[in-house]
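Please find below a colleague's note on the structure.

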Amino acid sequence: MLAFRRTTRWRTRAASALAAGAAFFAPWAAAGADSVEAFLDRHWDHPLAPQGPPPATFSERAASFDPADCAACHPARHRQWRESRHAHAMGPGVLGQLRAMPPRRAESCLRCHAPLGEQRQSLARALGWPRADDAAPLPGYVPADLHARGLACPACHVREHTRYGPPAQNRLPSAQAPHDGFVAQPAYRDSRFCRSCHQFAPDGRRLNGKLLENTYEQWRQSRYADAGVSCQDCHMPGQSHRWPGIHEPDMVRRAVQSRLAQRRGADRWHVTGKITNAGAGHKLPTYLTAQLWAELVLLDGDDAVATLARQPIGWKADLSLRNEAFDTRLAPDGTVTLSAALDPARARDRRAALRLRVAPQEFYERFFAARLENGGLPVRARRDLARALDAAKSTRFTLTLKTVALGMADGRP
Ligand code: HEC
Ligand code: HEC
Ligand code: HEC
Ligand code: HEC
Ligand code: HEC
């Protein structure tokens with residue numbers, strides 16, 4: 001169970017927020033699991049409606065939905081968020097596709113990539129969508145490119161101009177209480193907060209019976225859920241807004257534990273490497289967009305002169321998402337073992353290394369390349385997808401987990 005300090009100040013909010021439902025204002029100290037569900041149902045009630053005019057008492061900056069304005073008073077959160085994938089959730093790979101889609105279909109993507117009603121409005125204007133009210137001017141609190149800010153601060157924190165956040169841990173000086181303070185909600189410390197976008201519903205798309213996106217359920221079935229270790233505990237330590245994941249070498253290093261051992265056989269050197277998912281609270285990787293390869297290589301100096309063994313860790317499908325090639329993802333505490341036997345003469349004066357190669361966007365590399373090859377795209381969509389393809393390829397990296405000087409343990413080969 002989570003423990004909260006009872007220090008939250010309750011401020012009366014504008015009538016518009018009260019009209020949104022008294023249930024929001026039940027004291028959080030008495031809040032049980034059901035009130036978290038009730039809050040989240042309303043919070044992520046897609047498509048999110050535009051929020052209407054801000055209270056007259058708000059300054060222009062306090063009313064603004066531009067993350068750069070939140071930054072004036074929450075600079076650390078803004079700095080972290082700006083470096084996160086959430087801030088880039090409307091990058092060229094997404095926008096390039098939206099440009100080539102009818103509005104109805106494009107809207108279905110916004111739910112996770114740019115969920116605010118005001119983001120739909122700014123996107124509709126930017127892309128010249130034909131509905132009559134799509135040409136209407138944007139409200140003053142909405143910057144013209146709000147859609148391009150991706151998963152922006154207000155998407156997670158603001159409804160009807162009321163700020164919602166976790167029960168306060170680091171109290172900010174609130175002399176002027178710029179946006180009428182905030183409403184504390186334990187839901188922000190709960191894994192279910194992330195479920196809305198990181199879990200498909202049971203009737204969502206499947207491959208070989210398995211939901212394409214199933215992260216929350218993988219977590220729920222893991223020992224981490226039993227131990228009360230939430231998504232936020234691993235992905236937002238100290239409430240950080242960086243959300244590191246598979247794109248970050250340090251985070252992947254934290255996900256794995258590895259061993260590399262050797263032993264002398266009758267006439268061969270045996271090398272065995274093991275990699276365990278010891279630190280991801282779900283499968284490694286969690287879905288089919290990333291691909292990893294575990295490798296045992298022979299080193300001469302620092303150069304890899306041969307690959308002794310190699311195994312994919314991932315869930316691979318063709319671009320139609322109908323045919324599975326393999327599913328070798330590591331469930332929490334799952335292990336992959338690689339082994340090789342060498343001629344002692346080949347091992348002499350050499351080292352072996354256990355490596356992990358990571359392609360965080362392997363599926364998208366293939367997908368963007370195919371879209372570009374097929375042609376028939378508007379010019380700007382083409383340009384965006386070409387940039388997205390380069391960006392996807394450049395996310396690849398290799399981690400060396402362990403090295404061992406061959407023969408040193410048992411005498412020279
Ligand atoms: C002019 C300064 C200012 C601006 C601009 C501002 N905030 Fe705040 N914010 C504060 C202060 C001060 C507090 C602490 C209020 C309190 O303790 O009652 C706060 C509290 C919060 C909280 C609650 C923190 C917690 O501990 O749960 C959230 C969430 C929040 N702001 C989000 C935002 C977002 C999102 C934006 C931009 C859309 C924003 N704020 C813009 C000053 C500001
Ligand atoms: C409104 C939808 C939404 C919510 C809510 C949300 N996310 Fe995300 N998240 C996304 C999208 C979309 C991306 C991918 C952005 C991109 O790369 O274009 C993402 C990316 C991530 C990544 C980076 C993954 C990588 O590939 O490196 C992590 C980690 C993550 N989210 C964790 C969380 C956690 C933890 C929470 C809950 C506190 C959360 N998210 C809530 C939509 C959401
Ligand atoms: C249920 C939430 C959800 C919906 C709906 C959704 N996405 Fe995503 N999307 C994600 C998450 C989470 C990621 C990050 C993980 C990954 O790389 O697959 C992502 C990643 C992506 C990426 C790769 C990262 C990037 O920024 O280039 C693209 C492209 C993308 N989505 C396009 C779309 C399009 C187009 C639609 C609508 C047809 C869509 N998505 C609908 C959640 C969603
Ligand atoms: C994906 C949803 C999401 C987005 C986007 C997001 N936040 Fe948060 N924010 C959270 C969650 C979840 C917490 C609670 C984390 C915890 O307590 O472990 C939080 C906590 C906070 C807090 C309270 C902690 C503190 O610093 O006092 C503030 C303030 C805040 N966010 C401001 C912002 C600002 C400003 C932005 C944009 C630059 C932003 N958030 C973007 C989900 C989000
Ligand atoms: C015990 C710590 C831990 C917990 C709990 C945890 N994660 Fe992760 N997560 C990681 C690590 C480490 C990685 C990097 C390795 C990887 O990609 O699996 C990661 C990666 C990710 C990624 C990147 C995509 C990918 O292919 O793996 C997403 C998205 C993500 N986590 C979301 C979540 C969500 C949502 C929750 C809660 C339902 C959650 N995580 C719970 C540690 C954790």
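This is a predicted model: local features need pLDDT of at least 70, side-chain atom pairs count only at pLDDT 80 or more; totals for chains, interfaces and linings use all residues.

1. Residues are numbered from 1 along each chain as its sequence is written, while chains are lettered from A and ligands numbered from 1 in the order in which they are written.

2. The protein holds 17 helices and 13 strands (DSSP runs numbered from the N terminus: H or I of at least four residues for helices, E of at least two for strands). Of its 413 residues, 33% are buried, that is, 20 or more other C-beta atoms, placed from the backbone, lie within 10 Å of the residue's own. Among contacts (C-beta atoms, placed from the backbone, within 7 Å) between residues at least 6 apart in sequence, 68% join residues at least 24 apart.

3. Around ligand 1 there are 25 residues, of which C70, C73, G165, P178 and G181 come nearest; a residue belongs here if its C-beta atom, placed from the backbone, lies within 6 Å of the molecule. Two or more residues each are given to this shell by α3 (60-63), α4 (67-70), α9 (153-157) and β2 (162-165). The largest share, three residues, comes from α9. By class, the shell around ligand 1 has 14 nonpolar, six polar and five charged residues (Ala, Val, Leu, Ile, Met, Phe, Trp, Tyr, Cys and Pro count as nonpolar, Asp, Glu, Lys and Arg as charged, and the others, Gly among them, as polar).

4. Ligand 3 is surrounded by 14 residues, the closest being G93, Q97, C109, C112 and T289. Helices α6 (92-99), α7 (103-113) and α10 (192-198) each give two or more residues to this shell, and α7 provides the largest share, with five. The shell around ligand 3 comprises six nonpolar, seven polar and one charged residue.

5. Five strands form an open sheet in the order β10-β9-β8-β12-β13, with antiparallel pairing; strands pair if DSSP finds at least two bridges between them. At the edges, β10 (324-327) and β13 (397-405) each pair on one side only. Strand β12 (residues 351-359) pairs with β13 in the antiparallel sense over eight bridges, and A352 has V404 of β13 as its bridge partner.

Notes. A residue is buried if 20 or more other C-beta atoms lie within 10 Å of its own, exposed if 12 or fewer, and partly exposed in between; C-beta atoms are placed from the backbone. Two residues are in contact if their C-beta atoms, placed from the backbone, lie within 7 Å.
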